[in-house]
Structures are given as structure tokens and as C-alpha cells.
Amino acid sequence: HGEERCGIMQARKLQEKRDKSMNDLQVVEQELSDAIMREMRQAMQTKNISLTLLADMSGVPLETVERLESGRLDVKLDEAMRVLGKLELTLKVVPL
């Protein structure tokens with residue numbers, strides 16, 4: 001039974017490690033979502049640009065612009081970049 005118990009312990013440790021990785025990923029995603037919302041809203045206000053105008057300027061569907069502005073990350077990267085570019089914003093990849 002010792003080997004079986006050892007296998008169970010290893011499986012638990014592996015699951016805990018996966019859970020921590022998922023939690024870390026969720027934190028990073030939430031921080032990204034918050035930053036995009038905050039920066040988009042600030043830039044739109046500063047430039048006096050509505051969601052509708054931003055959609056027209058970027059050539060991205062209004063629904064997509066609304067999702068991005070509300071912090072949803074389920075948008076295509078190229079569309080997000082076009083929208084952000086019209087606000088003179090971009091995304092940057094950095095080490096965790």
C-alpha cells in the first residue's frame with residue numbers, strides 16, 4: 001500500500017501545482033482585462049471617441065469593441081490591436 005499512497009500523494013501535488021498555475025493565469029488575465037478597460041476608457045474620454053466611432057475608425061464590429069471595452073478578452077488579437085491602435089495604445093508581451 002506504500003507505493004499506492006506515494007502515487008496518490010504525487011498526484012495530489014501535481015494537481016496542486018496545476019491549480020496554482022491556473023490561479024496565476026487567472027490573476028494575469030484579470031490584470032490584463034482591468035488594464036485594457038482602464039486604458040481604453042481613459043483614451044476614449046481624452047480623445048472624445050465613442051464606442052461606435054471607435055468601431056467605425058478601426059473597422060472592427062461594434063460588438064467586439066464593446067466586449068473589449070468591458071474587459072472581455074474573447075476577441076481576436078488582430079481586432080484588439082486595431083482598436084487599441086486607433087486609441088494610440090498597444091499590447092506588450094513581458095516575462096511573468
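Visitor: Which residues does Val83 touch, not counting those up to four places away in sequence?
Guide: In this predicted model, Val83 touches Met40, Leu54, Ser58, Val60, Val65 and Leu68. Val83 also belongs to the largest nonpolar core, a set of 15 residues, and is listed there among those with the most contacts.

Visitor: Which elements give two or more residues to this core?
Guide: Those are helix H1 (2-47), H2, helix H3 (62-69) and H4. H1 gives the most, with 4 residues.

Visitor: What makes the contact between them?
Guide: From H2 come Leu54, Met57 and Ser58, and from H4 come Arg82, Val83 and Lys86. By type, that's 3 nonpolar, 1 polar and 2 charged.

Visitor: Why is Met57 called partly exposed?
Guide: Its relative accessible area is 33%. Buried means under 20% and exposed means over 50%, so a value in between is partly exposed.

Visitor: How do you know that Met57 and Lys86 are apart in sequence, and what is their distance in space?
Guide: They're 29 residues apart in sequence and 7.0 Å apart in space, C-alpha to C-alpha. Leaving aside neighbours within four places in sequence, Met57 is in contact with Ile49 and Lys86; contact means heavy atoms within 4.5 Å.

Methods
Residues numbered from 1 in each chain as written. Predicted model: local features only at pLDDT ≥ 70, side-chain atom pairs only at ≥ 80, totals over all residues. Heavy atoms only, no water. Buried < 20%, exposed > 50% of the residue type's maximum accessible area, 1.4 Å probe, protein only. Nonpolar A, V, L, I, M, F, W, Y, C, P; charged D, E, K, R; others polar. Core = buried A, V, L, I, M, F, W, Y, C linked by side-chain atoms within 4.5 Å.
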